[in-house]
Structures are given as C-alpha cells and as structure tokens.
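Please read the points below with the structure open beside you.

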Amino acid sequence: MKYLLLTLFGVVLWWSLRYWRRRGAAGGRVEDRGAGEAMVACSHCGVHVPLSDMVRDARGLPYCGEAHRSLGPAAGDKG
Ligand SMILES: [Zn+2]
C-alpha cells in the first residue's frame, strides 16, 4: 500500500511539473529570467520575446515576429 501512495505522489509531481512547463512555453507572462527561457528585446518595438519565438534578420538583429523583421530596426535609434 505504501508503494501505491509513493507512485501516485510521483505521478502527480511529474504531471504538475509538465503542466507548469507547458504553461510557461504557451506564452504566459514569464519575466523571471532565472526560471524561464532567455528573453530578447525586439529591435523594432522593444518587446521581450522568448528565444524560441525570436526571428533574426540578415544582420542578426532579433525581432518579435516576421512583421517587425520586415519593418526593420526602430527609427531614431539611440547611438
Ligand atoms: Zn516587435
């Protein structure tokens, strides 16, 4: 009986870990750099996007999506 409870506990733990990982990947507001995926700022609008959602242009600049990649870096760039 003890093993049944241990197995059940293990399954619940595994399932909840999987749930939280999926929730984070699905686009939740994850701003904690330590726990989540690395974030990069879009060169056009400055929005932070996860590395896996990021799009790069020919120069290697990061963008939040295809739309902003085609628009290019923000005008009036400081520096
Ligand atoms: Zn953008």
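1. Two residues are said to be in contact if their C-beta atoms, placed from the backbone, lie within 7 Å. By this rule L61, once its neighbours within four places in sequence are left aside, is in contact with S43, R56 and P73.

2. Some notes on the source should be kept in mind. This is a predicted model, in which local features need pLDDT of at least 70 and side-chain atom pairs count only at pLDDT 80 or more, while totals for chains, interfaces and linings use all residues. Residues are numbered from 1 along each chain as its sequence is written.

3. The protein chain has two helices and four strands, where helices (H or I, at least four residues) and strands (E, at least two) are DSSP runs numbered from the N terminus. Read from the N terminus, the order of these elements is α-β-β-β-β-α.

4. L61 sits in the loop between β3 (55–56) and β4 (62–63). A residue is buried if 20 or more other C-beta atoms lie within 10 Å of its own, exposed if 12 or fewer, and partly exposed in between, with the C-beta atoms placed from the backbone. L61 counts as partly exposed because it has 16 C-beta neighbours inside 10 Å.

5. Not counting residues up to four places away in sequence, C64 touches C42, C45, V47 and V49. From C64 to L51 the C-alpha distance is 9.4 Å, across 13 residues of sequence.

6. R69 belongs to helix α2 (residues 66–71), and R69 counts as buried because it has 20 C-beta neighbours inside 10 Å. Beyond its neighbours within four places in sequence, R69 is in contact with V55, D57 and Y63. The C-alpha atoms of R69 and D57 are separated by 6.2 Å, with the two residues 12 apart along the chain.

7. For the whole chain, 10% of the 79 residues count as buried. Among contacts with a separation of 6 or more, residues 24 or more positions apart account for 17%.
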